[in-house]
Amino acid sequence: NTKISSSPVITGNNFVKNGEPIYLGEQSYPQFSGNTATENTWNTITFASDVSKDMTLEPDLPYLVRNTVSVPQAVTLTIKPGVIMDFQSSSSGLEINGTLKAVGESGNPIIFRPYYYDNENVIPGSWLGLRFTKTSVNSELENVDISYGGAYSGPPEAREFEAAIKAYQSPISLKNSVIRNNANNGVWLINSPSVIDSAQFTGHKVSTTSLPVKAVYVEGGTPEIKNSSFKDNEYGIYIKNWLNPDTNKDVLGDPKMEKNKFEGSIKADIWNINTP
């Protein structure tokens, strides 16, 4: 009755006309390289279970996330340059209770996208996004490309995702990255001391709720947002206080902003709802 982990080496194979070429189940930590896949139901590596210990994903076939994969507290998921993460539906995403290290390279980014990214009918909100919970620490996103996420999940009073990146009282570092065409919010920071540096935010104009669309939503806290560009969004940076449920007191939304550029904002470049 004991779970046994496995670490096979799967390299140089060609998968043709299968259902799922590779199914990555619980306690599986394989090494992939040089594999190809054509004419399968899914031309991917199915990422089918939560992460249970430190894990590294190397570039190979795209990884397909079907539901919401969780990284537990004190566990690190490392994603190497060139990895593609595909998300099957509007109920697919990553929940980070531990640490995510997704550091790509210039010209070789890490890509987060819907599986049907090349479908002419692809829309913002095709998958959930990346959600960093209160226990998450030391997460880094650099040279990443995140598109068509931001689907709504959870009840109105406790929305869980609704952003391509959502950080709830946890710090993340987002640098040299592209955040584009997501629904509702590109990045949603809730009392989060995060740093956004040299990021590009484009095309955040679609709401699947009754709330406005923001490229960056600062709800309480003092994150840094600098050297970034905002183009063709409904709101560029949207600022609001946050009611701390533990103390029942407002936390001021007071981001530190410098050297950001705005173009084509539909409602406002920077909007502070607390300012008369």
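Which residue in β17 is the bridge partner of Ile110? The legends below, for close-up views of a predicted model, begin with the strand pairing that answers this.

**View 1. Strand β14 and its two parallel partners, β11 and β17.** The bridge partner of Ile110 in β17 is Val144. Strand β17, formed by residues 144-147, pairs with β14 in the parallel sense over three bridges. Strand β11, residues 84-87, also runs parallel to β14 and is joined to β14 by four bridges. Within β14, Ile111 stands opposite Ile84. Of the five residues of β14 (residues 110-114), four are buried, and the strand is thus mostly covered.

**View 2. The largest nonpolar core.** This core comprises 53 residues, and Ile79, Phe112, Leu130, Leu141, Ile165 and Phe201 have the most contacts inside it. The element that gives the most to this core is strand β24 (residues 214-219), with three residues. A second, separate core has eight residues, including Trp188, Tyr217, Trp242 and Ala268. In soluble globular proteins, nonpolar side chains tend to be buried together.

**View 3. The surroundings of Leu141.** Apart from neighbours within four places in sequence, Leu141 is in contact with Leu100, Ala102, Leu130, Phe132 and Ile165, among others. Its contacts also include Ile172, Ser173, Leu174, Lys175 and Ser177.

**View 4. The largest cavity.** The structure holds one cavity of 30 Å³ or more, and the volume of the largest cavity is about 60 Å³. Its lining includes Leu24, Gly25, Gln27, Ser28 and Tyr29, together with Phe47, Ala48, Ser49, Asp50, Val51, Ser52 and Met55. By type, the lining residues divide into six nonpolar, five polar and one charged.

Technical notes: Residues numbered from 1 in each chain as written. Predicted model: local features only at pLDDT ≥ 70, side-chain atom pairs only at ≥ 80, totals over all residues. Heavy atoms only, no water. 1 Å grid on protein atoms, 1.4 Å probe; cavity = no way out; pocket = protein on both sides within 12 Å on 5 of 7 lines; lining within 4 Å. Points joined across faces, edges and corners; volume = space filled by probe spheres on them. Nonpolar A, V, L, I, M, F, W, Y, C, P; charged D, E, K, R; others polar. Core = buried A, V, L, I, M, F, W, Y, C linked by side-chain atoms within 4.5 Å. Buried < 20%, exposed > 50% of the residue type's maximum accessible area, 1.4 Å probe, protein only. Contact = heavy atoms within 4.5 Å. Pairing = 2+ DSSP bridges.
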